[in-house]
Amino acid sequence: MLKQLWLATAFCCVSNAVLAADTLPNAEAVSRYADQLLQQHLPEPEGPGLAVLVARGDELLFKQAYGQASIELGVPLSPQHKFRIGSVTKQIAATALLTLIDQGKAALHDPLSKYLPDYPNADAITLLQLLNHTSGVKSYTGIAGYMQNDIRRQLSTAELIGVFKDLPVDFAPAADFRYNNSGYVLLGAVIEAISGTSWHQYITEHLLQGHQLSNIVYPAEQTLIPGMAGGYSLRPGQQVTLAAPLSMTQPHAAGALVADVEALWQWNRLLHGGKLLKEATYQQMITPTGAAANNEGSYGFGIISGQLRGMQELQHGGGIHGFVSLLVYLPQPEISIVMLRNSDGPGPDLSYLSRKIAAFAAGNPYPEYPPVTLTTAQLNSVTGIYSMGADSRTLKVRDGQLFSTRAGGRPFPLIPQGNDSFGFTNSVTRLVVQRDATGRATSLSMFYDGDGTAEIWQRTADVALKTEISLSQQQQLALVGDYASDQLQLKIFQQQSGDGLLVQVSGQPAFELKAASARSLYLTVVDATLEFSPAEGQAQQLTLQQGAGRFVLTRQ
């Protein structure tokens, strides 16, 4: 069921119209703006970097790279270097399947059983549901521990499907939406069943070669890719490392392709310019339906449809060992933004940067709000718990800084902008506090695109202060251990000083735990609590509550 949204209009709303072509900023202005913005947000030039391309129609407005392609050899990154593009692959694989549908060799509502008769429940799963993540099939990349070692195995398509085919499903087909890499592996298998060739060979021969897109390639296991940038990992407080290894057979049609920024620009021109699909098929691709239209991302087929300054935005990102990618297209001004990073982990927010640059290039830049200083009393006057439906958001002051924490999420610092307006760091989102006649804060207006329409979050409660106690050595040791469920693995262990406990989910950094009682702990970096049982002796079970998510783990 659709979540009810309360809409309001921003008091500072600006025009969302795109300027006439003769008044749009020229390439020099876009280059200057993009470079200044990127220079403010990029890491050290001696580390891994970022390649960026901005274009309007067939006009190249900006193309630049920052950082290193090879830290070891001191090779600077250039826009000509190639990157793993991760899940941006999905829209290319989706287009490949849709070309087969346009040729009459398949149909969106065909059951999976027509092509993979041995797959469980395949009669109930359609190609459409695989394309838009509503199949309910379990995503193999979400299997606990899988991304550490199992992802390194070289597997055939059939062997990869064997990893997840017999796992319990997340939901019945079409009943819900959940982003799912397994679905696109199955799509790759369908392409192979219809074409008689590998999924990537079909893409190369039938989509890319005829349009001179030789710089979008499948890397295979040991193929040398000319101009391939090195992939690195960034972790807070640690030195840069080489990206963890994986077999490139495993990302499959969900994320295995490699490209450079110019090739993805040309891909945008072909796909959105009507050169690859029939118009009706293309409209189906970019139009979310069913459960895929009910989520915040509004998912089509390998493309997320949204809004940017009143314009339609079609985009998809990707994350894979050593690389992060983002491909954006705005149909109305025909703007393409391509951003490719050669590192995973913390780094520049590509979504924020692309939105700022795209809005500027479209002649409708986001307004700037200079920060102001507020007293502690002024900050405290807006604290509270604000709710919208079943969701909640807490505004709380900590060490003189106001933070916003969505249920189950991590705290984000808020930047005062004046007139009860607050911004988020490196984000176009801002919130405006609404007050009653007495000056009491009553609601929040959330403007996810800076202005325009907003969600209204009603103030429902005061902030409850969490208690913190110190646990004895005996109390700490009773909780220490490894805990696991089908979905999650984590470890509870003592700090080196022995003064307090840490929690570490498999594959993630360790975080400090605070104790509300001997068997109730919580985190401050994210809204999550851990309850241990039984009440006495060594803990045997742990219940992790994070937002609406609840996980019961047992001691191993």
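**Strands and turns in a predicted model**

Modeller: In this predicted model, 7 bridges join strand E11 (residues 311–320) to E12, and the two strands run antiparallel.

Biologist: Which residue of E12 stands opposite Gln 315?

Modeller: E11 and E12 are antiparallel and joined by 7 bridges. Gln 315 has its opposite number in E12, and that residue is Val 328.

Biologist: Which residue in the turn between E11 and E12 has a positive phi?

Modeller: E11 and E12 form a hairpin, with 2 residues between them. A positive phi of about 90 degrees occurs in that turn, at Gly 322.

Biologist: Is strand E12 largely enclosed or largely exposed?

Modeller: A residue counts as buried when its relative accessible area is under 20%. Of the 8 residues of E12 (residues 323–330), 7 are buried.

Biologist: What is the bridge partner of Val 324 in E13?

Modeller: E12 also pairs with strand E13 (residues 335–341), in the antiparallel sense and over 7 bridges. In E13, the partner of Val 324 is Arg 341.

Biologist: Is Glu 334 buried, partly exposed or exposed?

Modeller: Glu 334 lies in the loop between E12 and E13, a hairpin with 4 residues between the strands. Its phi is positive, about 55 degrees, although Glu 334 is not a glycine. Buried means under 20% and exposed over 50%. The relative accessible area of Glu 334 is 35%, so this residue is partly exposed.

Biologist: Asn 419 has a positive phi too; is Asn 419 buried or exposed?

Modeller: Asn 419 is not a glycine either, and its phi is about 55 degrees. Its place is the loop between strand E18 (412–418) and strand E19 (421–424). The cut-off for exposed is over 50%. With a relative accessible area of 70%, Asn 419 is therefore exposed.

Biologist: Which residue does a cis peptide bond join to Ser 533?

Modeller: The omega of this bond is about 0 degrees.

Definitions and conventions. Residues numbered from 1 in each chain as written. Predicted model: local features only at pLDDT ≥ 70, side-chain atom pairs only at ≥ 80, totals over all residues. Heavy atoms only, no water. Buried < 20%, exposed > 50% of the residue type's maximum accessible area, 1.4 Å probe, protein only. Pairing = 2+ DSSP bridges.
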